[in-house]
Amino acid sequence: MKIKLKHILLLGITISLAFAINKTTPLYLETPKAWPKPHYDFSKNPLTEEGFQLGRNLFYDPILSRDSTISCASCHLQSTGFTHVDHSLSHGIEGKIGTRNSMTLMNLAWSKSFMWDGGVNHLDVQPLNPITSPVEMGETLNHVVSKLQKTEKYPLLFEKAFGDPKITGQRLLKALSQFELQLVSSNSKYDKVMRKETTFTEQEQNGYKLFKTNCASCHNEPLFTSEKFENNGLAIDTTLNDIGRMKITNKQEDYLRFKVPTLRNVQFTFPYMHDGRFKTLTEVVKHYNSLGNNKRLPKQLAKPMKLSDNERVDLVAFLKTLTDTEFLFDKRFSFPKE
Amino acid sequence: MNNKTRIVFFLVLFFQVALAQEKMDIVFAHLNLTFRDKPLELNKEYVSENKDTLQLTGFKFYISNLKLEYADKTTYSEPDSYYLIDIENPNSCKIPIKKTTSKTISKVSFSVGIDSLTSVSGALEGDLDPTKGMYWAWQSGYINMKLEGRSSSCKTRKNEFQFHIGGYMKPNYAMRKVVLEPKKSNSTVEINVDVAALFSQLELSKINSVMVPGTKAMQIADYSVTMFKTK
């Protein structure tokens, strides 16, 4: 009798333990050498393989949009640095057109704010924008959750990631963050040169020198962004009248200020600028080369660059060393094939 | 009594005490949504002090960090507690207070809305889950209070008015603290939320759409404080 009771107790404890232990595989995000610490607080959203895979499925699933036509990947394609190649402004459901060029998605764990105007304060809540925007996915988070609950696939994936099949807005957003946080690009030729694994060509080396004198004060290494908001001298597009950061802060000084974007993989993230007005890097460099003596410009742009034709070519050659092919073709980030 | 019966006896006793404890320990703070002295109803016509004829189509707000102070100066507080009060969900108007006593309450304090730190903490759960429709997309932050309806005074589309009040950054930090001192000696919490008090300070023909943080939101947040009263 005594032994039996003991056995039953032991069995009970084992079963409850089995339920209590969530069999997830932890993932770690390594900080590349000489990079700052990530800004994202991983303690509130511990990365797991299961969470990452759930996020990946959600990222590529048009179920997030009202008519199941648009997924995150529609405007954020891996092979172009997770932005919308060839579209100055992206289109959402029913062919509706937005007002800004879609941003790249990489090294987001190091970002303090999101969107061109920095209106979003945390990676987790960024997806609320495309999901609810009437010109993007035109949905509500609540309705997306109820659609996911009705599928066969998602309750299983949520259970794997979170221990039970309950689908909530919080879990959905955290899973998307888990996928996006893994999108780290740190293996470009530039990185390899910095790690002394290879060397720049003479042209690239010269371009790097020019970059450091003319561009690096805003596009800070190693992330190639200062995370700040600046007016880079673009005239306002009167068909859009986008006032930039001022829309968020209501401060006059933020008029026409937009977030300084990263330049990693810039070779493939065209078209450029917040409204995608420049198709090529040459046009971008020419824009900066032609600036000068405008009082609204930040001090970094106060003096014209005055690069020669050869120097402009060298600068572009350097920018192309920021291409990270491993990242652009990493199968872990691609469409999840069953 | 042998050992076995003794154990059974104690177990029964233990569960009885535990159950009784449970019953005793949960009381509720009631929020009574009203228009003047009548219970507030959606789509019912009211006339404000400013002679605006109006109907409400929605009313939701957050109560956070509830704190009770008893006559003997002891306190009960719930740090990091957030409740979404929604007229369409009557259960939400009852806030559970754990482990209360029968002592007389001298002061009730809480915040209307969500604090800054919580507003920058990413995706949260329960009443703070963004599925509740109380989180802004294009400019992060919680909507502390949503008050929507119609009034013939509003020369807007379908005569609609919308107040989405929020903002977590200075100088437009729209969370408001409410401190109430019940006149009646009471050990339960009954809070009246009289929407008429807010509308008495507004002229709907002049102000009828506030959906971003800013000075107007700050103004309406100030007005909203006057809705809360105890007996």
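1. In this predicted model, helix α9 (residues 202–214) of chain A and helix α12 (residues 309–319) of chain A have axes that come within 7 Å and cross at roughly 95 degrees. That angle makes α9(A) roughly perpendicular to α12(A), the term covering 65 to 115 degrees. Axes here are lines fitted to C-alpha atoms, for helices over the stretch in contact, with angles running from 0 to 180 degrees between N-to-C directions. Helices are DSSP runs of H or I of at least four residues and strands are runs of E of at least two, numbered from the N terminus.

2. On the α9(A) side, the contact is made by A:Gln203, A:Glu204, A:Asn206, A:Gly207, A:Tyr208, A:Leu210 and A:Phe211, and on the α12(A) side by A:Glu311, A:Asp314, A:Leu315, A:Ala317 and A:Phe318. Two residues are in contact if their C-beta atoms, placed from the backbone, lie within 7 Å. By class, this contact has six nonpolar, three polar and three charged residues, where Ala, Val, Leu, Ile, Met, Phe, Trp, Tyr, Cys and Pro count as nonpolar, Asp, Glu, Lys and Arg as charged, and the others, Gly among them, as polar.

3. As to conventions, residues are numbered from 1 along each chain as its sequence is written, while chains are lettered from A and ligands numbered from 1 in the order in which they are written. Local features need pLDDT of at least 70 and side-chain atom pairs count only at pLDDT 80 or more, whereas totals for chains, interfaces and linings use all residues.

4. Chain A as a whole comes to 13 helices and two strands, and its C-alpha trace spans about 95 × 50 × 35 Å along its principal axes. Of its 338 residues, 41% are buried, that is, have 20 or more other C-beta atoms within 10 Å of their own, against 12 or fewer for exposed and values in between for partly exposed, with C-beta atoms placed from the backbone. Among contacts in chain A between residues at least 6 apart in sequence, 67% join residues at least 24 apart.

5. Helix α7 (residues 169–181) of chain A deserves a separate point. Its 13 residues reach 18 Å from first C-alpha to last, close to the 18 Å expected at 1.5 Å a residue, the expected span being 1.5 Å times one less than the number of residues. Because 13 of the 13 residues of α7(A) are buried, this helix is largely enclosed by the rest of the structure.

6. The contact between the chains takes 20 residues from chain A and 15 residues from chain B. On the side of chain A that touches chain B, α4 (128–132), α5 (141–149) and α7 each supply at least two residues, and α7(A) gives the most, with four. The residues of that side divide into seven nonpolar, 10 polar and three charged.

7. In chain B, strand β9 (residues 143–151) is mostly covered, with eight of its nine residues buried. Strand β4 (residues 53–70) pairs with β9(B) in the antiparallel sense over seven bridges, and B:Phe59 stands opposite B:Leu147 in β9(B). Strand β10 (residues 160–166) of chain B also pairs with β9(B) in the antiparallel sense over seven bridges, B:Gly166 in β10(B) being the bridge partner of B:Ile143. Strands pair if DSSP finds at least two bridges between them.

Notes. Parallel < 35°, antiparallel > 145°, perpendicular 65-115°, else oblique.
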